[in-house]
Amino acid sequence: MKPFQVALPSTIDQASKLQLKDASPFMAAGTDLLVRIKDYVTVPDMIIDLKRIDGINGITSDDRGVWLGALTRMHDVAVSEKIQQGYPALAETIRNAATPQIRNMATIGGNICQQPRCWYLRHEGYSCAKNGGSGCWARDGENEFHAIFGNKVCAVVQPSNAAPVLVAYGAVIEVQGSDGKREIPAGEFFVTPEQDPRKDVDLTSGELVTRILLPAENRTTRWGYSEAREKQSFDWALASVTVLLDRGGRAGEHRVVLGAVSPVPLRRKDLEKILAGGAVDGDRISSLKKKVGEGATPLSGNGYKVQMLQGLIGKAVRQASGQKEG
Ligand SMILES: Cc1cc2nc3c(=O)[nH]c(=O)nc-3n(C[C@H](O)[C@H](O)[C@H](O)COP(=O)(O)OP(=O)(O)OC[C@H]3O[C@@H](n4cnc5c(N)ncnc54)[C@H](O)[C@@H]3O)c2cc1C
Ligand code: SF4
């Protein structure tokens, strides 16, 4: 590891100005960033440690909903009563993420800003569209964990367990830089390779995630979440499906969001429309299974994700509608 300095700002403004000066990366708990530094994938002269900044840690609520400070540990989100009661799919996906040790350190802000896991991207010897070069090694190379949707320019998958669930709940990401605050709907926060292959999230230089709002009007009790992963003990999802039925208690307002199959969480309005067509019975579940792979462009090694999604959507929809697994 190349030696680096650590800056410890105590305000958002200081942190922002430090980054604007020399593009040093922010660090929350470092469970992603420090691994990249050890592997010489990110080689900073300085990192900006966010942990002394006040006001961006912990879970609060007001009439707009529940706010998660960016520095809140994943474990604390998963065990929070406010989250378990109002946004249970978020608690569930976080329980499924990583290991207890990592969840005890890693933050929710770091989770949604973590770098994708493409092995070419995380190897110092490869240059591609995502890190300033051109082309994509994975498309004709080792791609079994890569994207099956939206994979033409770059085939990474969005690695955060929380991301698709935040999109389903209509969460809002609050970011702040020296020019002030912005609120970005979670559905627009994650950047597609077509928009900009070098970016994962919609942050400009000097901006950091400060809080995440889970809107009060989207609290939902009818939910399903299913994911598959290679190792049960700990691993990133190979694919996940989040289903919210009658979101916020509004009849017919359903959400279906796929995770780990495309470079950004993939909301599927076509599947939501099928769900809105009537009772969740066997025929409707068959229609969802037939449709879920539509539009996929699997690569040489990841066609299995289409079949996987068919199983996962059935499971998530049955869970949401209170049916036993068929
Ligand atoms: C073995 C292992 C298994 C894992 N399995 C899973 C899994 O199944 N599902 C899953 O979702 N994740 C998984 N992870 C990833 C883990 O969840 C992330 O490493 C963690 O959430 C990152 O949080 P952190 O606080 O450590 O972020 P850091 O490592 O500190 O930061 C990560 C990135 O986010 C940026 N960043 C951090 N905070 C902010 C902020 N407030 N504003 C702007 N940028 C910020 C940093 O600059 C950095 O680029 C796994 C990790 C490991 C090591
Ligand atoms: S999937 Fe993206 S990050 Fe991986 S090699 Fe291709 S362009 Fe690079």
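Predicted model: local features only at pLDDT ≥ 70, side-chain atom pairs only at ≥ 80, totals over all residues.
Residues are numbered from 1 along each chain as its sequence is written, chains are lettered from A and ligands numbered from 1 in the order in which they are written, and side-chain values use heavy atoms, with hydrogens and water left out.

**The sheets**

Let's start with the five-stranded open sheet, whose strands come in the order 4-5-8-6-7 with antiparallel pairing. Strands here are DSSP E runs of at least two residues, and helices are H or I runs of at least four, numbered from the N terminus; two strands pair if DSSP finds at least two bridges between them. Strand 4 (59-62) and strand 7 (180-185) sit at the edges, each pairing on one side only. Strand 4 is joined to strand 5 (residues 65-69) by four bridges, and aspartate 62 stands opposite glycine 65 of strand 5.

The other open sheet has four strands, ordered 9-10-11-12 and again paired antiparallel. Its edges are strand 9 (223-228) and strand 12 (266-267). Six bridges hold strand 9 against strand 10 (residues 239-244), with glycine 224 partnered by valine 243 in strand 10.

**The ligand site**

Now for ligand 1, which has 31 residues around it, the closest being Phe26, Thr31, Arg36, Thr107 and Asp235. A residue counts as near if one of its heavy atoms lies within 4 Å. Here are some polar contacts, meaning pairs of N or O atoms within 3.5 Å:

| Residue | Atom on the residue | Distance to an oxygen atom of ligand 1 |
|---|---|---|
| Alanine 98 | backbone N or O | 3.1 Å |
| Threonine 107 | polar side-chain atom | 2.7 Å |
| Asparagine 161 | backbone N or O | 2.7 Å |

Taken alone, ligand 1 exposes 980 Å², and the protein buries 92% of that (accessible areas by the Shrake-Rupley method with a 1.4 Å probe). The elements giving two or more residues to the shell are strand 2 (26-27), helix 2 (33-38), helix 7 (108-113) and strand 8 (208-215). Helix 7 gives the most, with four residues.

Why does ligand 1 lie between domain 1 (59-113 + 158-218) and domain 2 (223-320)? Because both domains give residues to the shell around ligand 1; the bounds come from an automatic or database domain assignment.

Technical notes: Polar contact = N/O pair within 3.5 Å; in protein donor to acceptor, adjacent residues only side chain to side chain.
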